[in-house]
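Work through the exercises below with the sequence and the model open beside you. Try each task before you read its solution.

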Amino acid sequence: ISATMAEQQQFYLLLSNLMSPDNTVRKQSEEAYETIPGQTKITFLLQAIRDASAAEEVKQMAAVLLRRLLSSSFEEVYPSLAIDVQTAIRTELLAGIQSEGSSNIRKKVCDIAAELSRNLIDDDGNNQWPEILKFLFDSVNSQDVSLRESALHIFWNFPGIFGNQQQHYLEVIKRMLVQCMQDQENPQIRTLAARAAASFVLSNESNTALLKHFSDLLPGILQAVNESCYRGDDSVLKSLVEIADTAPKYLRPNLEATLQLSLKLCADTNLTNMQRQLALEVIVTLSETAAAMLRKHTNIVAQIPQMLSMMVDLEEDEEWAMADELEDDDFDSNAVAGESALDRIACGLGGKIVLPMIKQHIMQMLQNRLSPTDGGSCKNNRSTSFLMCHPRVRYAACNAIGQMATDFAPTFQKKFHDKVISALLQTMEDQSNPRVQAHAAAALINFTEDCPKTLLTPYLDSLVQHLHVIMVAKLQELIQKGTKLVLEQVVTSIASVADTAEEKFVPYYDLFMPSLKHIVENAVQKELRLLRGKTIECISLIGLAVGKEKFMPDASAVMQLLLKTQTDFNDLEDDDPQISYMISAWARMCKILGKEFQQYLPVVMGPLMKTASIKPEVALLDTQDMENMSEDDGWEFVNLGDQQSFGIKTAGLEEKATACQMLVCYAKELKEGFVEYTEQVVKLMVPLLKFYFHDDILHEITITFLDRCARVRGPEYLTQMWHFMCDALIKSIGTEPDSDVLSEIMHSFAKCIELMGDGCLNNEHFEELGGILKSKLEEHFKNQEVRQAKRQDEDYDEQVEETLQDEDDNDVYILTKVSDILHSIFSSYREKVLPWFEQLLQLIVNLICPHRPWADRQWGLCIFDDIIEHCSPSSFKYGEYFLRPMMQALCDSSPEVRQAAAYGVGVMAQFGGESYRPAFTEAVPLLVGVIQSPDSRAKENANATENCISAVAKVMKYRPECVNVTEILPHWLSWLPLNEDKEEAVHTFTYLCDLIESNNPIVLGPDNTNLPKIFIIIADGVVNESIKGEDGCSKRLANVIRQVQVSGGLWTQCVSALNEAQQKAIQDLLNTA
């Protein structure tokens, strides 16, 4: 495989141009390189690597490109080469490793060999390159250190190199690693061997027996961690972090030693910050991946306050409190790392464990560290002395208050409103420390956001007065000195107060609006963009709070200001903070103005669609490429294993989500006024289902657009839109990994089917959906088994149980959504869908087995209830599966299961048909037994009991021949009214009307003596809102009352039996029905 001299020289020139600092040259070279066919590339690149006379950076570039080519385009390039060329490449690579003088290039050639080897393992696990295995064995036993290094490097890069021979060579691999880790003369061999051992452990993370067999390598790895750190190399320490992340159980036999080493390194100030933070990362990661295992080592964990000492590793900075621009946190600093570690450990191990451990240390620190400058003059934590504390301490106090206000709302607000509001207002007056001032304003925002309106109202005067004084003073400062930090926060504080106070803010409106409009008009400089955006937000929130009437005189001026910004919108840079504020402000203006907003849509929609269409950058990278892209540039990575990562650039995603929410808001507010935009919006949004998205938007999108907008355009358009959405929805139910988002998609899908009705799904849809629902149910059972196994694990404790309970709740929630989808299909398609359902039948039968958890039985019965309700009389063919369990479930200890079973008996009577008749003789005594049990009306039992009462009514109404109605009726009357289950209440009242209207002697009693009792039942029904003025049933009940009204004496007797609330309820019913 060779190229002519001239071609090769030309290629070298291309390689050096690929490294050119000049963008144009580099871009042209990249384009030229892309046009070269893959096979030719291999020839040229390999020749460059093997050319002793080529410049080192050219060889280096060639090696990187060849590895990349094999990694990304192996299938397209390599298999189509002639066999002798393939052999030559493999031979050349091994020869290159042995003869290359530069260790840097040699490593890169090892990477190429590892990459090629990775691709040459076939589907059965055979390595098609046996020579490389022989090369590894020979090299690792060679006297030549560089060959031993090369062997370890290849094995580190691709630990799966032995393929299906691994088990056969296991002892050899272990011996090789141990021998190299004990190489006394060559520290670099010890380091590499430890990294290779770690890599091997990681690639076999799920092979428990192998991890156990290799556990005696761990002390050597730990020793290498310690040694290499003091030689300024943290690569083995990074490997240890990876083990803690992926195979934490491997550390169990030496957990004590691992933790001791990590704490020792973390505390050693001679090491670099990066190394100390990595050592801490081992412990923090274990607290997340193996919390239960770590909780058993409380003596070690008790040393965690080391993080607190890292958190106070701050340099004194005179300017800190005066800063007007807030730089992002320095993520490399110990203070930030310590804070993040404490946060993660608390989440991992649980607050119950961590709080007691750090409490005494924190109290101690509050005593001596409150103020580095004032000799501790603010020990007695009162707001007066608080003002004398060091600015950083007060800043942190504001931070803590803001955090607690958010996390413990509204309890925190109810308990501490007087203390907190006065302390924050006082701190906001601290003119000499603007950064503290601004943070107090930020804490006030947290406090008011979740503060009940009634609590905030008494403070409004004082709050408004303070905020106004500060705003005026800071506006002056902005004009004189150009400082804006505090003003930015105060504007948002005003917005937050208005948002909570709502109409109570009306008296203060004129105090703020002129200044706020003034800021928007004049704050046009680039450095004031954030201030302007926040002010736009503030104006729109105040407008929404005070309402259309108060805001209208200013509305058109505000709209003009917004429009002016909007027309300059195309000149705004993509990262301009005003964009997201503008987008939200428009939506609020739409809510305020209602239909009158439609005229502005042409101006608003362009930029909104542009933001909603942001395409996030995504990339599939191998680990080495990933190291060149940092998370600081807005990339986030998900490790896919096997040296591969998925990267996504998150910049712009928040804005995109906001924009999508706003589109939904317009569609909801403007309804048919939004129609001409529906198509482009749906076409933009549906593909986003494939994309991680804010869960609540999805439901809004699908339902809003189908229901509100598409309907206006007629049935054909609606069907067209639905088909466009339907495929994407079904696919995303199958693939969405996030359970919150998944449940929203399933919910939306079910609602859409209800909306569209029979015929909305074709055969392909049904086939795909059947497969997906089947796998969801199978997964449900499998997850339960996995959780049961975890309960047998040696590290199982009550915190693990809490996590398992959460997982269980999550799974049950998805099960409820499976039930929702089936409900919508049964209610739309009825009996003809049963043949399709039979693929799921056995799984649903499994749900109602007596040994399953109550939630499974509840939802399994609900699904059968739906089949009885919507697919009868055919439903009876499944009676052999569900009738027995349903009868048993009527007396179940779980009220949810009893409710589902009772509802089933009710629909059986109403819709089931003749075949079910024998069931009622058994069911009714059981139902009566449940209703008459002593605690049947306790809060937790009420719904189940009311479903039993309703079921008895349905049996008497639809199947009177199956029960003794005369005997049951007096009892049934004494059980009314139903207060909790409004739907079932309607059934019972309807039946009551039937009985009264037919002058049933048992219900009316001799000489109508039961009528006062009936009046009480009706009145209580109105009081509990079980009877609504607008339904047919309430009209019938009102007529009953009117008939009594005309017979004087009886009317007086009935009304005198009622208390005041009941009398008012009867009057209300007569007025509305």
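**Exercise 1: Confidence and overall make-up**

Task: Find where confidence, given as pLDDT, is lowest and where it is highest in the protein.

Solution: Confidence is lowest in helix α21 (residues 383-386), with a mean of 46, and highest in helix α42 (residues 854-870), with 98. Here pLDDT is the predictor's confidence in each residue, on a scale from 0 to 100, and helices (H or I, at least four residues) and strands (E, at least two) are DSSP runs, numbered from the N terminus. This is a predicted model, in which local features need pLDDT of at least 70 and side-chain atom pairs count only at pLDDT 80 or more, while totals for chains, interfaces and linings use all residues. Residues are numbered from 1 along each chain as its sequence is written, and side-chain values use heavy atoms, with hydrogens and water left out.

As a next step, take the whole chain: the protein averages a pLDDT of 88, and 90% of the residues score at least 70. Over residues 370-385, however, pLDDT stays under 50, and for this stretch the model has 22 contacts (heavy atoms within 4.5 Å) beyond four places in sequence.

Finally, consider the make-up of the protein, whose secondary structure comes to 53 helices and 3 strands. Of its 1073 residues, 53% count as buried, where buried means under 20% relative accessible area, exposed over 50%, and partly exposed in between, with a 1.4 Å probe and protein chains only. Among contacts between residues at least 6 apart in sequence, 72% join residues at least 24 apart.

**Exercise 2: Two helix pairs**

Solution: Two packed helices are described by the angle between their axes and the distance between the axes.

The crossing of α3 and α4 is left-handed, a word used if the near helix is turned anticlockwise from the far one by less than a right angle, with right-handed used if clockwise.

Next, look at the residues that meet: on the α3 side they include I42, L45 and I49, and on the α4 side they include A62, L66 and L69. The residues of this contact divide into 11 nonpolar, 2 polar and 2 charged, where Ala, Val, Leu, Ile, Met, Phe, Trp, Tyr, Cys and Pro count as nonpolar, Asp, Glu, Lys and Arg as charged, and the others, Gly among them, as polar.

By class, the contact of α23 with α24 has 10 nonpolar, 5 polar and no charged residues.

**Exercise 3: The surroundings of V140**

Task: Is V140 buried or exposed, and which residues is V140 in contact with beyond its sequence neighbours?

Solution: First locate V140, which lies in helix α7 (residues 130-140). V140 counts as buried because its relative accessibility is 3%. Leaving aside neighbours within four places in sequence, V140 is in contact with R148, A151, M176, Q179 and C180. The C-alpha atoms of V140 and C180 are separated by 8.2 Å, although the two residues are 40 residues apart along the chain.

Then widen the view to the helix: in α7, I132, L133, F135, L136, F137, S139 and V140 are buried. What covers these buried residues includes α5 (83-99), α6 (103-119), α8 (145-157) and α9 (170-181).

**Exercise 4: Backbone details in loops**

Task: Where is P410 placed, and what is the phi of D1007?

Solution: P410 is placed in the loop between α22 (391-407) and α23, and the peptide bond from A409 to P410 is cis, with omega near -5 degrees. For D1007, phi is near 55 degrees, a positive value in a residue other than glycine. D1007 is in the loop between α49 (1001-1004) and α50 (1011-1023), and at 77% relative accessibility D1007 counts as exposed.
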